[in-house]
Each structure stands twice: as C-alpha cells, then as structure tokens.
Amino acid sequence: MAAIVALLIAFGFNPPEDSAGPVQARIEAPATVTALNDPAPVRVVIKNTAQEPLSGTVRLRVIDPWSVEPASAEWRCDAGAETPVEFKVTPGAAAYNALYPIHAYVEFESGGARLAAHPIAIVGALTSWSAQYQSGAQWRPLDVTPGHPLSVARMPIRRTVVQVNGEAPVVLPAGWEGSEERTRAAVSPGVIVQRPDSRDAIGIHPPWYNGLAGTALVEFGLRLPAGEPARFTAATAIRDSSEAEGLSDGVTFRVRVTAFDAPDGQLGEVLFERHSASKQWEEVAVDLSRFAGQTIRLQLESHPGPQNNTTCDASYWGNPTVTAGAIKEPAAPTPAPSVELGTIEVEGRRYVVRVTPGRRGLLDAQVAFWNGDAVVAFDGFEARVLDDTLAESSALNTLTQAVAEPSESGLTYRHTFSSYRGPFDLVVHLYVDAGRALRASFKLENAPAPIPWSVVYLEDVSAGPWTAPADRVYAGLGNVLVEPEPFDLGFDGHQLATSFVGFEFAPAFGMVQAVDLPPTRLHVDPPSKRYTLHAALDLTMTFIPAPNVWNAVRVWRDINGLKPAPGVPRLAGRFVFDLWGGHYADSAEKLAKSFEYGMTNSGVVWHNWQRWGYDYRLPEIWPPNPQFGTLEEFQRLAQVCKQNGVLFAPHDNYIDLYPDAESFSYDNISFTPQGQPIRGWLNESRGAQAYRWLTDAYRPMLEQNAKLIRNNTAATAYFIDVWSSIGPYDSWTRDGRFIDRRATRDAWAGSFNWIRGTLGNNAPQISESGHDQLIGSLDGAQANHLRVDADPPKDAPWTVWRIKCKDSERIPWLDFAHHDRFALHGAGYDMRYRGGLDAPTHGIYSDDYICTEVLTGHPGMTPEPFSRDGVRKYWLLDGLMRVLAGGRMSGVEFDGGNIHRQHITWENARAGGAEVWVNRGADDWPLANGHVLPAYGFYARAGKVEAAIERRDGIIVEWSKSEGEYYVNARQLAVEGRGNPEGKMIDFGFVATNEAYRAITKDGKVEKKNLPEP
C-alpha cells in the first residue's frame, strides 16, 4: 500500500469539492504518495441534499502514468445522506516528483436535467530523487594535463552526494543539478558570483527541508599525472542575507579526496576545512601532490557547521581549479599578419577595424578599432559547448586546428574541436557591413547528431576582455551606470530588456554591442575589463564604434532590420488604464466618466476577470468570473470602451499551466535538461503551483480562448502576460527533445500575429514590461522601468537593479532605438517603479514617475478607472504623446556631463521635431529658454504643443497647451513641498490662475472643465 502522508490535501488550489444541483461531492485522497506502482485509497463522498433519493455514476480520471481502479462506479444516496465511493489510484513508475490531478465526475439526473459535479484533488508524488532523472553525461575520470589548469566550475561530468544526518549518503546521477526534492539540497554549477569580484562558481546548499539537516558534496573524477606536483585552488563565500530572513551562522567548507573506485557515497579524507560566514571570497589552496599518478574523486563539501543550522547556508566555491605541474605559458603564436577588415564611419568619424588572429584563430585574436587618436580593442571571443568552455583549459573540448577559409568579405576561420560526443566545427566570420558596423557571425557545423537529452550546440558566446575600462554602461529599458562594480544582468523585460548595450571608453569612444537572438545576460567585470553580452545558438554579434553611444545606437536602429508590428500605429501615443480589479458594471460607469473628461485617446487593459480568478487554473479562463459581475456586464465594459474609440484588451496568460486544468498533462510541460518538469508561477494567495507550458503546446487553448473573447466581447486589443517580461527560454520535451529559445520566441511571435488577425483591424497586442526580441509581432507593453540601488528594499529586492556604481540614472535607452517600432506605456507598475521608495514622491502619479514617462516618450498610465490624478496625467501628457507617437529620437545630451539633466531631441515627431528637457537631479535646472526645472521637472515643446512641470513664481506647477486648448494646474493639491497650498495666483504666460482646469476653444467659445474633486 502506498505511504499516505495525510488524508487532507496539503497543497493549495481550490478545495477538492464541487456541487451540482442537490449533490455535493468531495474527494478524500492522500496529500502525497511516496511509493510508485502501489495503489493508494481514494474516496469520493457524495452528499444528497434533495428530498428524494438520487443515483448515478462517478468516474475518476487521472493523467500520464497514473491509473485508477475501477474506472467508474454506480452510486445511490438517500435524501439528506452521504455515501462514499471507493477507488484505488496507482502512480506509475514513470511519475515525476510533481503534482498530479485526480478528477471526479459525479453524474446524475435531477428535476429532468442531467447534472454533474466535478471536484478535483491535487496529489503530490514524492518519489525517489532519481526516478526520472536524465543526463547526457557519463561518470568517468578526467585527465589533468600537466601545465594546463582545469576549471571544474561548469564541468558536467560530476556527481552530487547528499547525506542527511544519521542516514547513509545518497549519490545522485552524473550531471545532476537543481534542488533535491526530499531534502532541498541544491547544486548550481557555473553561476557567476560577485564577492565582490566576479567568479565562475559552484553553488551548494546543504540539506535543510523538513528538518532533514545534513551535508552536500560535489565530486569530480580526476586522473592526476605521475611525477607532477598537483594542487587545487578555489575561494569560498556564502550568499547575502538580512536579519529579516535570518543570518547564517556559517558554512563548513571541506575539500576531500578518495579513490575513484571507492564505494559510491564514501566521504574522502579531509584535506582542507574552514567554517566561515564570510560574504567575500576567502582563498583555498590544497596540495594534491601525494596523489600524483592516481585516479581520485575530488569532493567539495558544504556542511552547515557544528550547530547544524542551515539558515541561509547557500554557499559558493569560486573558480575551483585543479593544476598539475608548472603552468605552461601559451606557446608563442605563429606570426599572423593583421588584417584590415575595413572602415566604419559614424558622425564624420572614421574607425579602422583591424584583426590580428592568434594561435587559436579568432578565439584569441585581437579585434581593434582605431579612430586616429585612440585604439580600443578586445581579445577575441569566448564560447561554451557541452557545458564546457572552448578555451585552452577545457577538459572536454580540445582544439585540433584553426584554419582560415576563403571568404568573399572579411575574415573566416574554421575551428575544429574534438569532444566526448564527437568532433564539431565552430565557424567564425568577421566583416565590416557597409561601412556601418563590424559583424561577427558564429555557426556550429558538423556537430554530432542530437540524442535524447543531449544536443551539441553553441551554449554561450561572448566577446573577450577589452583593453580599457568603460566609464559608463548603458542597458535595459534605460539605465546608465557610471563606473559600476562587477555585475551580471539577465535578459528579461525588467532587467536587460535590450539586445544591444552601450559602453563608453574614455576619452570620447562609444561602443554599442548587439546580438540578433535573445541574449542570456550582460556581464560587466571592470577588474578584468570584461564588458560583453552573452548569447547562445548560431548568431550574429554587432559592434558599432562612435563618438558616443547615442551616435552608435542611431546606427544600430538603422541596420537591425526590425519593423513595427501592424498594430503599432493604433496603439502608439495612447494613455493606458491598467486595471487589476473591480466590478464590471461599476468600472464601466467610472470609465464612462473618465471619457466624459476627454480621456478617449486611450486603451483599457483589464487584468483580473478569468473564470477561476487571476492566475489560477489556467488556461481555463472563460466565461468571466461571476465574482465581479455577469457576462452581460463584462460585455458592457468592452462596449463602453468601443463606443468611445478606446481599445479594450483582456488579460491572458500562456506561461503557466495549472494541474487542475482539463488540458494538464506533462506532455504539455517544459522540462529541464535533467528531465524534470519546470515549475511556473506559485499563486501564493491560493498556494497553487503552476508548471511552465511547453513551447507551442498552448496554441490550441490560446486559439479557443481568443475566439471566445472575440465572439463574446468584441475585444479590440489583447494582453498576454509574461511573454515580454520573461526572456525566451530553452527547454526540453518530456521525451528529451531540445527546444531552443529562438523557437520559443518565434512561437510567441506567431501567436501574437494570429490573435491580431483573428480579432481583426490590426488589434494591438500588448504584454508585460517589454523586451525588444518580439518587435515586429508584439505592438507594445506596459513598461517596468526599474531603478538602480545596491541596497534594495527588503520586501521586494527584485524591483531594483542591485548594482554598485558611482552614479546611475534612468535614460531612454530602448526607446532611442525602437520608439517608432514598439509602443511602451507608462514607466512601471507603481510598486515596481518606486522600488521601496515612498508612493507620494515616487509612485505612479508623482513628478518622478511622470518625468520618466516624458523622458522616454511613453504615454501616461493609471491603475484606476476614474480619478483626479488620472485625469490630470491625461490632460498634462496627451497632447505631447500624440505628437511623439511613432517618432524617433535623434539625440540625448547630458547637460555639462550631468547624467541627471537630460536634453532629448526628436527628429521626426508628427510636428516635425521636438525637444524635451528633464531634470532628475536634486537641484533646480535653469534652462537657457527661461524655464526653471525643479527636481523631477520637465519642459517639452513639439511644434505647437508644449507641456511642463516647472517652477513659476517659486511654485512648482504643471501645464500643457496645444492648438485650441490648454491645461493649467496651480497645484493647490500636491505632495508637500511640490505644490501651492496657499492658492497663490500663478502667471502661466497665457493665463493667470490658481485653479486646475482644462480649457478648449470650440466655435469661438471657451469651454472650461475643472479637474474632478479628489
């Protein structure tokens, strides 16, 4: 009999009960099963609240390798009574450590109608850690070559040993990584850790879950050469933590050695031990010389220490390296002539591109840019295949030859490698593209054929270190970082967000680096002069030198080949009501009131309406949730928008598939390279765990839902969550087929295009946050423009870029390249934008937030269907945003080099051009045109349109005007210190007032409308 942990469902989700007419049905099932192929008892309890007996059938449905006996059963229940129906459910041997649904269908007739209750229970399978683990790695010893350091930080041929106190050690399969289900012991190879300098590390957390404290080791098989001294070097540290989450009492780091053929699980002799709570690297050096000529297992252990306190004991082994003999300096390169690839001309400056190949072809070449006054260069390219580098120190990939090949333009090298999976070629082609940029294309050719769970492909490509440090780094939706310390920024709509980044090398040498596929991260490590994007797969990398990065971005904008999606013209410039709750009917009335205030150049994104509640039981979203009103009221909400020319975009989601959804099966789920299903969103309010959809498996449900929404609401736009918030990802199918991030991106893009065509009239497609990899298919996104803060808010550290630097500021980075192709809105959801700062000064209605909208050319956003602040934002910004919609920026200048004082020019706004000045500094900025900008003030002019938050007569006020209308606000109601509480009369130049209103001239008459009362 399967072990039963509890007869109550321990997981979240809706209770396993449902009603239909007079029948109530519930499932009593184990919360967790721990033995496979053993039947577990399941009972369906039926209660009859009718005045007469009822009878019917009940059938159980399970998924994948589970089975049920019997499949169905008859039941009869007297009036007012309960009756149980017994079943046995058996989890098959192929079950994962995951959640499984049990569906009960209780069918009967009552009052002449056929009815059915459908309770669903969610049961966890807690199986052996190795039940379904997959790996392409085979456990074997690796040769340590004399003189060549062997880095093991990313070595896939490794094993993990987990030992709970008082229990025998458990050895996990070769290549295992992740979190072990029973104890939550975790191993993360190849993580980049700053403590404070950046190192390639192995992360280890010892067992801790449910009180199962113990130790964890990662071991490597090594064949040490005879007659050579050998040593192991590394550095150790633990992760950051705060008093709020608990402080670690330290981790005991040990280096052990045992014979390779010793029994599995045997812990070796301790050669090094240190207990430490240091959050900065502490060096480790161990002499292995007495093992010369032997085949050993080197074990790196992270133990919680003498108190067995596992609180915050995530630990790191930085740059773990084995060396035998004296390190051999690379052989002197065969003299290779430098090749002048061509000249790049930007803003009248010429940059000669010269490449000097090395012993390893273009992998260790020097790539130099010379502008006549200075040279900036980087040292070749770095790459990873089979989870190991293509560097000289690689233990798995050996360069056998690097040969130049004929090329119509530029320079091409074929680099041939041997590996444990077979040989492969890396072909690198460098060329100057039309005098505008240096292109570097990478292709892996003649690779071994894919097998289940193992594919030979380019897992990572990056540029090598530069010859000079960069003073400033530009990236993401828009941040500039002055003299940053080491950091890594992953690609998603909140962090990196752009497939191009900028570096400024003093003096006056800007460089943009870009990739054509989704990058994985931006890596910045000033001590080693590494400033580079990382990306995967066959790709093209672009380098553009220029006098400054803005000049270079203009070139990138012109040559990247991206076009706007068809719905961009309909979406660009529209104010957004970003609405997360409320009754359909009440919200429709409030929206109608907003439209009476003229707020019709807008769109409504309605997030929380799905049948079972927000982010729950997806993809089953139809009909609308009755908690917020009827279907007719939801339809009325859409109709009010349509009647006023306002876009209506319901929220949808195809990242998360919940186990209680009808379509749930692990055939539809993405898997890790270790053959484990990938968990998606945890709906904390319900305690319900989702899993991540397999790329494109969602498509039938997406099409079904989009048609239901089209046919029943006449939606004029669509919002799909997450797809431009998360970066496109690699994944595996249940049977070990690899799906790369390019395929994921293209599947999302195809879905947006299909929905646009299905809704008709180029219905704009909108998503969350916004990254640039979906431009051309996605029309826009609700921007999340995060700030930089090395000391993040404790309750939401993910709302800032946690980077130490001399200075930083928000800038219009993504918009400078793509404003005419991609319609971003607002500057972020309120909490995310302010990142722990106070709402009145930094929230969605603040001057801080509004000046960022102006800085980037993003139309305003409000989280309310009607409010005074929503109206004032619209009146202040709408005229300007109509003009800037579809326009291109031509330049960004930092006044006097001050990154907080920015002057943005527009080359083809609808008025023919525009200028915007934004002050994000603490002190007033007096402009040459007479306007005085306080902190978070702005002044903008575009043809006959002007708008400002500025200081007049010593008072901070706001105003806008365009042909035939103006808006003034003397700010009697404003944040303390930023208003006019005494009601002083303000001379705006065209009118003097102490009020807040909009005036429109129609047929020679002036219609005045005050802001609504707060």
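Which residues form one aromatic cluster?

Mentor: Before the answer, please note that this is a predicted model, in which local features need pLDDT of at least 70 and side-chain atom pairs count only at pLDDT 80 or more, while totals for chains, interfaces and linings use all residues. Residues are numbered from 1 along each chain as its sequence is written, and side-chain values use heavy atoms, with hydrogens and water left out.

The cluster is formed by Phe378, Phe381, Phe442, Trp466, Phe503, Phe505, Tyr531 and Phe543. Rings of Phe, Tyr and Trp (its six-membered ring) pair if their centres lie within 6.5 Å, and planes under 30 degrees apart count as stacked, over 60 as edge-to-face and the rest as tilted; by this rule the count comes to 60 aromatic pairs. One of the pairs joins Trp139 and Phe260, whose ring centres are 5.4 Å apart with planes at 20 degrees, so the pair is stacked. Trp139 and Phe260 are 121 residues apart, and their pair links distant parts of the chain. With 23% relative accessibility, Trp139 counts as partly exposed, a class that lies between buried (under 20% relative accessible area) and exposed (over 50%), using a 1.4 Å probe and protein chains only.

Another pair, Tyr833 with Tyr849, is edge-to-face, at 4.8 Å centre to centre and with 65 degrees between the planes. Tyr833 is buried, its relative accessible area being 1%, and Tyr849, at 0% relative accessibility, counts as buried too.

Technical notes
Helices (H or I, at least four residues) and strands (E, at least two) are DSSP runs, numbered from the N terminus.
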